[in-house]
Each structure stands twice: as structure tokens, then as C-alpha cells.
Amino acid sequence: MDDDIYRRAPSVLVGTVDKLAQLGQNQAFQILLGRPHSLCPRHGYSANPSWCSVFGCREQRRPVPKGFGHIRLEIADELHLLDESLGALDGMYESLLQRISEHLKNDPFQIVGATATIEGYQNQVRHLYEREALRFPVNGPEAGETFWSTTRKGDPLRRFLGVRSRASTMVTATREVAMVHDRWVRDLCDDPKTVVAEAGLDANDASIIDEARRAGEDLFEVLVAYCLRNEDLTSFVRDPAVRELLESEDNLAIINGDSSPDLIRSAVGRLRKPPANTSDRVRLIAATKAIGHGFDVARLGVMAVMGTPTQASEIIQASARVGRRFPGLVVNVINPSRDRDASVFRYYPEWIRYLDRLVHKVPVNRESVPVLKRVLPGGLMAWLLQVLDRGWITGGRRRRSLADSTAFRDAVNDGAVDRALLVSLLRHGFGIDGTSVYHRMHREAIDAWVDDHLATLPLRAEAGKRLPDLLHPSVPRSLRDIEEPLTIYGEL
């Protein structure tokens with residue numbers, strides 16, 4: 001649980017980017033910023049000056065040991081996924097995290113963004129992190145060649161085959177690919193000599209025969225059918241000819257946005273350690289783009305892609321699921337009813353060769369005024385919880401956290417929190433220039449929001465009411481919390 005992480009303060013923390021929203025939700029995030037207040041010998045670190053992080057604990061708390069660190073390195077995987085609304089909110093919270101850390105006199109932290117498909121990275125990094133980007137490695141003068149990497153001609157790790165059917169639909173053609181694959185794998189396991197001879201290899205070499213049989217039982221046993229639409233996936237898995245290829249339902253794994261994490265974990269486990277019983281082994285994976293990120297199974301070797309994705313990055317990510325360690329084959333079944341697919345098929349070798357040069361720029365804009373208005377409540381709570389709270393609680397007797405509405409009212413009445421302070425912190429936290437004409441509307445939005453809430457919050461404060469419950473819009477609970485929640489009332 002999150003509380004355990006804060007209490008134990010690990011040196012390495014793995015999580016989703018959505019956890020940045022905890023800046024405006026949880027006082028204990030101070031611990032990750034290097035500001036624990038004390039150490040309980042039983043329950044670990046606490047950020048609150050008044051009590052242990054575990055309710056009811058009476059242990060005598062100790063001072064924080066010297067040398068306690070803070071966030072120094074942020075590694076963002078699959079950077080290109082931080083786009084559009086998610087990227088805009090993340091950019092605001094990334095700036096907020098950096099500015100709060102600087103305010104606390106922490107050393108600047110480094111950021112590493114990893115991705116296989118990125119274009120226009122300078123602009124994206126500026127919108128996400130307000131920093132200049134350094135790319136490694138950079139493109140070379142020729143496709144597939146850089147100072148740090150090269151392509152071995154004639155020995156590829158992944159081969160692409162474009163197929164366009166003229167007498168059947170795309171789904172039917174993919175079914176035929178699945179049937180051919182099934183026959184080929186069975187021949188490879190039952191009669192490897194014939195398959196080896198057809199491949200032009202020495203059919204009398206026992207080591208080659210043995211290697212071919214093992215490849216059929218392991219590397220090429222599973223076919224991944226990659227579908228651009230859920231409708232195509234459904235049509236494919238319901239095809240009677242496809243169903244005949246399966247001994248049981250366990251032979252089929254469906255991975256899409258509707259698949260439960262338990263089913264995906266089970267499929268991955270059976271792929272990595274195939275059961276001895278053939279009816280329990282995964283032999284066919286039907287997937288959408290949900291498989292394109294983080295699905296790493298080295299023994300996947302054959303994929304059939306239904307159609308041509310509009311984004312080059314999607315075919316790059318999808319095809320990277322096969323041939324990760326050993327040679328793989330990607331059969332791209334072209335949709336004969338789409339003009340764009342027909343155009344791609346006409347120049348298919350060139351299209352594949354220059355895929356990395358066809359990647360679109362990542363759309364993200366942190367300068368959106370509606371996005372700023374959406375994150376203002378989170379920005380206010382982040383400054384209160386991570387910076388101002390400690391001084392307020394320890395500055396007087398029986399003071400509660402500023403997350404309590406009555407405590408915030410008292411802070412406003414005492415002058416500890418005023419308009420100038422809040423406006424300054426919010427502008428600084430979100431990178432709003434105080435003089436730029438370009439940020440005039442942003443400054444006006446912050447000023448109006450602060451004026452409105454300072455006028456109403458002290459009047460609406462009441463015992464037991466949390467300050468976030470009085471803010472409008474609500475404090476984001478995740479970076480996908482873009483719109484106002486919809487409340488549905490029903491008669492029961």
C-alpha cells in the first residue's frame with residue numbers, strides 16, 4: 001500500500017505516472033521529498049509532527065537520521081505515451097514537483113525518458129519537464145545506422161512479410177495465416193527433417209534437426225494475432241476454423257482493454273513456463289494495442305497483424321513483441337478494402353525500412369488554460385501539504401493540518417496564508433511567467449480562482465470538513481482525471 005511505501009522510504013520506487021497526483025492528496029509525500037518529521041521504531045517515517053503514521057501508536061519517535069535523501073532520479077518509460085490530456089496534466093505536475101523540491105532546497109533531480117518511438121522529442125520534453133532534451137543515440141546518416149548501433153544485413157532479428165488478399169476479407173486471410181502456421185509448427189515437431197530440407201538446410205545434420213524440433217515446441221509454437229479493432233478480434237476468435245485449432249480455451253489468450261490483470265498474468269506465466277499438457281499451453285494470442293507495451297515474453301516468434309495502423313509507432317511497438325531474443329516473423333495482412341493499406345502495400349519494403357522516420361510527433365500542450373484551471377486545486381493542496389503544513393502545525397498549540405477546512409480558515413485569518421502568497425506559489429509551481437504577454441490569460445485565471453476561493457472558503461469551513469472537498473473543480477485523483485465527475489442518481 002502507499003502508506004507502507006511512505007513509512008519505509010525505499011531507495012528505488014516503481015509506480016505509474018498517475019502517482020504524481022499524490023502531491024495534492026497526501027501529506028506523506030513529503031517523505032519522498034526528503035522531509036520526514038520523525039522516525040517511529042516500529043512503523044517507520046512520519047511526515048506529521050503530531051503523531052505516528054499508524055493510528056494509535058504510542059511509541060517514542062526518534063529524530064530522522066542524518067543523510068536522509070530525496071528524489072534524485074526520475075526514469076519515465078514509454079515516454080511517447082505521455083501525450084494529449086495525460087501529457088498536459090503530467091507536465092503541470094512535473095513542474096509542480098520540481099518547483100516544490102527546489103523550494104525545499106533539494107538538489108535538482110535528473111530525468112531519463114525511455115522510448116522506442118519518438119519524434120519531436122524536444123518540444124515534448126519542454127512541455128512535460130520544462131527542460132532542454134538530449135537525445136541518445138541520435139539518428140545516423142542512413143536508416144538503421146548510428147554511431148552506437150548498426151544493422152547486420154542478411155541476419156535480421158525480425159522479418160516482415162506483407163500479404164494482400166484479393167479473394168477474401170482481412171480477417172479470413174488472417175485465419176488462413178493461423179492455419180498455415182499451425183500446420184507448419186506441427187510438421188516442425190513431427191517431421192523436422194522435411195521442414196529443414198525445405199528451408200535449404202542439411203537434413204542429415206542431427207543437431208540441426210534437434211534444434212528445429214525445439215524451435216517448433218518453443219520459439220514458434222505461439223501465434224500472436226494483432227488486431228487494430230476489437231470487432232476484428234472478436235470475428236477472428238469466433239471463426240470456426242480458428243476454434244478447431246484449439247484443444248481447449250486455455251490454448252487461447254485474449255489481451256485487450258477489457259482483459260482482467262489476473263487473466264493476463266496467468267497467460268504470461270503459462271507462456272514463460274509452458275505446462276507439459278498441450279491443452280493447457282497458450283498457442284494463440286489475440287490482442288489489441290494493449291499488448292504493445294510491457295508485454296515481454298522472449299519465446300514469441302510469429303505475429304499476424306490485421307491491417308495497417310495509422311501511426312508508424314503502433315506497428316513498431318506491436319511487432320517488437322516478437323523476435324525480442326531470437327529471430328521472429330511478422331505477417332502484415334493488408335486490408336484490401338482500404339485505399340491507405342493498398343498504398344502501403346505498394347511500397348511495403350520501403351515503408352518497413354523507414355518506419356522510424358515516419359513516426360509522428362507527440363501531441364501535447366501544457367499551455368492550455370483549461371488544463372491550468374483543472375490543476376489549480378491540486379497545485380494549492382500540493383503547496384499546503386508539502387511546504388506550508390509543517391510550519392503551520394508547529395507554529396502554535398493544537399493546530400491541525402491545512403487539509404482541514406477550519407485550519408485553513410484560521411491560517412487565512414492569522415495572515416499565515418494570503419492572496420499574494422497563494423498567487424505567487426501557484427504561478428511559480430506551474431511555470432507561469434509573471435510578465436510575459438503570452439501568459440496573461442494564465443495569470444488572470446490564477447488570480448480569479450484564488451480570489452474566488454479566498455472569499456468563500458473561510459465562510460464554508462466547518463469542523464470535520466476537509467479543504468479538498470470545498471475546492472472547485474475537485475483535486476485530481478489521477479492524471480487521467482480530466483473532466484468533472486458525473487454523478488448518476490437512481491431510484492432504488
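Student: In helix α9 (residues 261–272), what separates D262 from R265?
Tutor: About one helical turn, because D262 and R265 are three residues apart in that helix. Note that this is a predicted model. The two side chains meet in a salt bridge, 2.5 Å from N to O. Both D262 and R265 are exposed.

Student: Which partner does R324 have in a salt bridge?
Tutor: D296, with the closest N and O atoms 3.1 Å apart. R324 lies in the loop between α10 (312–319) and β10 (328–334), and D296 in the loop between β8 and β9, so the pair ties together parts 28 residues apart in sequence. R324 is partly exposed at 37% relative accessible area. D296 is partly exposed too, at 35%.

Student: Is the R299 side of things buried or exposed?
Tutor: Buried means under 20% relative accessible area. R299 has 7%, so R299 is buried. E221 is buried as well, at 10%. R299 and E221 form a salt bridge, with their closest N and O atoms 2.7 Å apart. R299 sits in the loop between β8 (284–287) and β9 (302–306), E221 in the loop between α6 (206–217) and β6 (223–227), so the pair ties together parts 78 residues apart.

Student: Which residues are linked with R299 in a network of salt bridges?
Tutor: D218, E221 and R281. The whole structure holds 29 salt bridges.

Student: Which residues form a negative surface patch?
Tutor: D187, D190, D191 and E198. D190 belongs to helix α4 (residues 170–190). D190 is exposed, at 66% relative accessible area.

Student: What lies 3.0 Å from a polar side-chain atom of H453?
Tutor: The backbone oxygen of W449. H453 is in helix α16 and counts as buried at 5% relative accessibility.

Note on methods:
Residues numbered from 1 in each chain as written. Predicted model: local features only at pLDDT ≥ 70, side-chain atom pairs only at ≥ 80, totals over all residues. Heavy atoms only, no water. Patch = residues over 30% accessible without salt bridge, like charges linked within 9 Å, V, L, I, M, F, W, Y side chains within 5 Å. Areas by Shrake-Rupley, 256 points an atom, 1.4 Å probe, with all protein chains shown as cover. Salt bridge = Lys/Arg side-chain N within 4 Å of Asp/Glu carboxyl O. Lys, Arg positive; Asp, Glu negative; His and termini not counted. Charge placed at Lys NZ, Arg CZ, Asp CG, Glu CD. Helix = DSSP H or I, 4+ residues; strand = E, 2+ residues; numbered from the N terminus. Buried < 20%, exposed > 50% of the residue type's maximum accessible area, 1.4 Å probe, protein only. Polar contact = N/O pair within 3.5 Å; in protein donor to acceptor, adjacent residues only side chain to side chain.
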